[in-house]
Amino acid sequence: MTKHQPVTILLVEDDPGHARLIEKNLRRGGVSNEIVALDNGQKAVDFLFKKGDYAGADHASPLLILLDLNMPVLDGYQVLKMIKAIDETRHTPVIVLTTTDNPQEIARCYEMGCNVYVTKPVDYDQFSEAIRKLGLFLSIVKIPKDKD
C-alpha cells in the first residue's frame, strides 16, 4: 500500500493519546501514507460524505478506515453502518480498532461489514507492538479503487 497505492488512512479515534500512539506505531511499521485523524464519528461521516465542515472538500481516495467503537456524537457502530449502507463507500475497508473484546461485539462488527477487528491491548508496550504489526500488515494490503 505504501509504495504502489496512494491510500489515505482515516483514523477515527476520540482519545488523543491513542491517536498519537497509533500514528507513531503505524509509521514504525512502515506506513508512509497520509493519515487523517478525526476525534468523533460525526466528523468521520462528514469527511467521508463531504458534508458539514468538509462540504466541497477534495480529499484523497481511496480510503482505509481505522475505526474506534466507543466515541462521542456518533459511535463506531453507527459510522460502520453508514459506510456499508451505500454503494460509494460499502467497499471501503474498515478496520475496527478498539478496547472491546466481547465476542458478541466482535461478531456484530463483522456482521455489519467490518473487514478486520483488532483489540487494542491495555498494556502500552503490547499496544505499541500490535499497532506496529498492523502497520506491517497495511503495507501489503491492496485497496479497491474508487468507482469513477
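These are my notebook entries on a predicted model of one protein chain.

**Ground rules.** I number residues from 1 along each chain as its sequence is written, and I leave out hydrogens and water, since side-chain values use heavy atoms. As the model is predicted, I ask for pLDDT of at least 70 for local features and 80 or more for side-chain atom pairs, while totals for chains, interfaces and linings use all residues.

**Entry 1: the overall layout.** I began by listing the elements, and I found five helices and five strands in the protein chain. For me, helices (H or I, at least four residues) and strands (E, at least two) are DSSP runs, numbered from the N terminus. Read from the N terminus, the order is β-α-β-α-β-α-β-α-β-α. I then looked up the radius of gyration, taken over C-alpha atoms. It is 14 Å, close to the 15 Å from the globule rule for 148 residues, so the chain is as compact as a globular protein of that length. That rule is 2.2 Å times the number of residues to the power 0.38. The C-alpha trace spans about 40 × 35 × 25 Å along its principal axes.

**Entry 2: surface and contacts.** I noted an accessible surface of about 7800 Å² for the protein chain, with 51% of it belonging to carbon and sulfur atoms; the areas come from the Shrake-Rupley method with a 1.4 Å probe. Buried residues account for 45% of the 148. Here buried means under 20% relative accessible area, exposed over 50%, and partly exposed in between (1.4 Å probe, protein chains only). I also checked contacts (heavy atoms within 4.5 Å). Among those between residues at least 6 apart in sequence, 68% join residues at least 24 apart.

Entry 3: In what order do the five strands of the open sheet lie? I read 2-1-3-4-5, with parallel pairing; two strands pair if DSSP finds at least two bridges between them. Strand 2 (35-38) and strand 5 (116-119) are at the edges with a single partner strand each, so one side of each has no neighbour in the sheet. From one strand to the next, the twist averages 20°.

I followed strand 1 next. Strand 1 (residues 8-12) and strand 3 (residues 63-67) pair in the parallel sense over five bridges, and Ile9 stands opposite Leu64 in strand 3. Strand 1 also runs parallel to strand 2, joined by four bridges, and Val12 stands opposite Leu38 in strand 2. Between these two strands the chain passes through helix 1 (residues 16-28), and this β-α-β crossover is right-handed. That means a clockwise path from the first strand over the helix to the second, with the strands pointing away from the viewer.

**Entry 4: helices on the sheet.** Helix 2 (residues 41-49) lies across strands 1, 2 and 3, at about 155° to strand 1. Helix 3 (residues 76-85) lies across strand 3 and strand 4 (94-98), at about 155° to strand 3. Axes are lines fitted to C-alpha atoms, for helices over the stretch in contact, and angles run from 0 to 180 degrees between N-to-C directions.

**Entry 5: single residues.** I looked up Lys50 in the loop between helix 2 and strand 3; its phi is near 55°, positive in a residue other than glycine. Lys50 is partly exposed at 35% relative accessible area. Val73, in the loop between strand 3 and helix 3, has a positive phi near 70° and is exposed at 60%.
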